[in-house]
Amino acid sequence: MDIIIAEKVNKKFQLKQGQNINNNGVASNQIEVLSGFDLKIKKGEFLVLVGPSGSGKSVFLDLVGGLSNPTSGVVYLDDKPVVAPSSKTAYVFQQYALFPWRTALSNIEFGLESRGVLKEERIKIARELLSLFGLSDFEDRFPYQLSGGMQQRVAIARALATKPEVLLMDEPFAALDAQTREILQNELIRIWEGTQTTVIFVTHSIDEAVFLADRVAVVTARLGKIKEIIEIDLPRPRNAELRSSNEFAANRHKVWGALKAEVNKAQQVWKLAPVFT
Ligand SMILES: Nc1ncnc2c1ncn2[C@@H]1O[C@H](COP(=O)(O)OP(=O)(O)O)[C@@H](O)[C@H]1O
Ligand SMILES: [Mg+2]
C-alpha cells in the first residue's frame, strides 16, 4: 500500500521585488523548483532521496510535511491531500533543533505533552527511547552538555516518541563526523527495523543512501523531478559488515551512475546562469 503519493507536483516560489533569476536568458521573479514530480512511497518503506544541491529535496519534504503547499499537483498522505502539518508526520533536520532549556528527557517528552499524554507515561516512553539510543545516563543533561551525535540521537528519539507514520529526515547526519555518522546510521536502521514507520531521508552521501534505503530516488538538477529509482537489494537486518561487501559496492555503483549526470548538470547550470539563492 502506498502511504505517500506525489502526483504531478509543481512548486514555484515568488521572489521578492528586485530579486530575479535568469530563466534561459529571460529575467523572471518566479523560481520554479519542482516540475512533474511523481513519487509513490510504500507504507513502512525507507526511501532515500539523493540529488544535487538546490534540486528541491527539502522543498519536497516541506510539501509532505504540510509546511508548504504545491503550486499545482497533489501530495497525498493516507489518500488525503496534505494541506497543513499533521500529527502523522515528524521531522528531523540537519541542525539539532532541540529546546536548549529542556533536558534530554524533557525534549523527548515535548510532542507527547501537546497530545495530552500523562506525565508518568511520557517519562516511560522517553526513557525507553533514551535506552534504545544508549543515552540512559544522560536524561537530565541539557543540549549544550551533549555532543553533536548525542543531540541528534535525542532529536530522533523526540521525533519517534509520538510514533509518527512518516518520519522526514533532511540530511540529519550531515553535520556529524564520519565515525559518529556511521554509528548513528547503524542505530537508526536497527531501531527503524523494529517499527512500521515510513521514512523519507535526504542525504548527499551515496554510502549512507545505500546502507539505509529500500529504494533510492534520484532527483534531477533543476527542475526537480524523479529521474530514476534504484531498488537496493541488500538483505535486512543490515549491519556494519555489509558496508565492505561486493553487493554494497555494486549498489553504490548503480546509485552513482544515476546521480553523476545530474550533479554535473547542476554545476553547468550554475556556471551559465547563477541561480538566486
Ligand atoms: N522560500 C523560497 N523562496 C524562494 N526560493 C526558494 C525557497 N525555498 C527554496 N527555494 C529554492 O528552491 C531550490 C531548491 O531548494 P531546496 O529544496 O532547499 O534544495 P535541496 O535539494 O538542496 O534541498 C533552491 O534553488 C532554493 O533557492
Ligand atoms: Mg536541502
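Two strands are taken to pair if DSSP finds at least two bridges between them. In this predicted model, strands E6 and E7 meet that criterion, pairing in the antiparallel sense over two bridges. The two strands form a hairpin with two residues between them. Within the turn, aspartate 78 has a positive phi of about 50°. Leucine 77 stands opposite lysine 80 in E7. Leucine 77 of E6 is also the bridge partner of isoleucine 4.

Strand E1 (residues 2-14) pairs with E4 over nine bridges, in the antiparallel sense. In this pairing, phenylalanine 13 stands opposite isoleucine 31 in E4. E1 also pairs with strand E6 (residues 72-77), again in the antiparallel sense, over five bridges.

A further antiparallel pairing is found between strand E11 (residues 215-219) and strand E12 (residues 226-231), which are joined by five bridges. Arginine 215 stands opposite glutamate 231 of E12.

The domain assignment divides the protein into domain 1 (2-88 + 165-272) and domain 2 (100-163). The centres of the two domains, taken over C-alpha atoms, are separated by 26 Å. Contacts between the domains involve 11 residues of domain 1 and nine residues of domain 2. On the side of domain 1 that touches domain 2, helix H5 (residues 178-193) gives the most, with five residues. The residues of that side of domain 1 divide into eight nonpolar, two polar and one charged.

In soluble globular proteins, nonpolar side chains tend to be buried together. The largest nonpolar core of the model has 66 residues, and Val64, Ile200 and Val216 have the most contacts inside it. Helix H4 (residues 148-161) gives the most to this core, with eight residues. At least three residues of the core are drawn from each of domain 1 and domain 2. Valine 64 is in contact with Ile4, Val75, Val82, Thr89, Val166, Leu168 and Ile200, leaving aside its neighbours within four places in sequence. Among these contacts of valine 64 is Ile4, whose bridge partner in E6 is leucine 77.

Alanine 159 lies in helix H4. With 22 other C-beta atoms within 10 Å, alanine 159 is buried, the threshold for that class being 20 or more. Apart from neighbours within four places in sequence, alanine 159 is in contact with Ala90, Tyr91, Val92, Pro164 and Leu167. Alanine 159 and glycine 36 are 123 residues apart in sequence, and their C-alpha atoms are 30 Å apart in space.

Valine 255 is found in helix H7 (residues 246-272). This residue is buried as well, because 21 other C-beta atoms lie within 10 Å. Not counting residues up to four places away in sequence, valine 255 touches Val50, Ile206, Ala209, Val210, Val216 and Ile230. Val216, one of the residues touched by valine 255, is also among the residues with the most contacts inside the largest nonpolar core. Valine 255 and alanine 84 are 171 residues apart in sequence and 33 Å apart in space, C-alpha to C-alpha.

Definitions and conventions: Residues are numbered from 1 along each chain as its sequence is written. Chains are lettered from A and ligands numbered from 1 in the order in which they are written. This is a predicted model: local features need pLDDT of at least 70, side-chain atom pairs count only at pLDDT 80 or more; totals for chains, interfaces and linings use all residues. Helices (H or I, at least four residues) and strands (E, at least two) are DSSP runs, numbered from the N terminus. A nonpolar core is a set of buried Ala, Val, Leu, Ile, Met, Phe, Trp, Tyr and Cys residues joined through C-beta atoms within 7 Å. A residue is buried if 20 or more other C-beta atoms lie within 10 Å of its own, exposed if 12 or fewer, and partly exposed in between; C-beta atoms are placed from the backbone. Domain bounds come from an automatic or database domain assignment. Two residues are in contact if their C-beta atoms, placed from the backbone, lie within 7 Å. Ala, Val, Leu, Ile, Met, Phe, Trp, Tyr, Cys and Pro count as nonpolar, Asp, Glu, Lys and Arg as charged, and the others, Gly among them, as polar.
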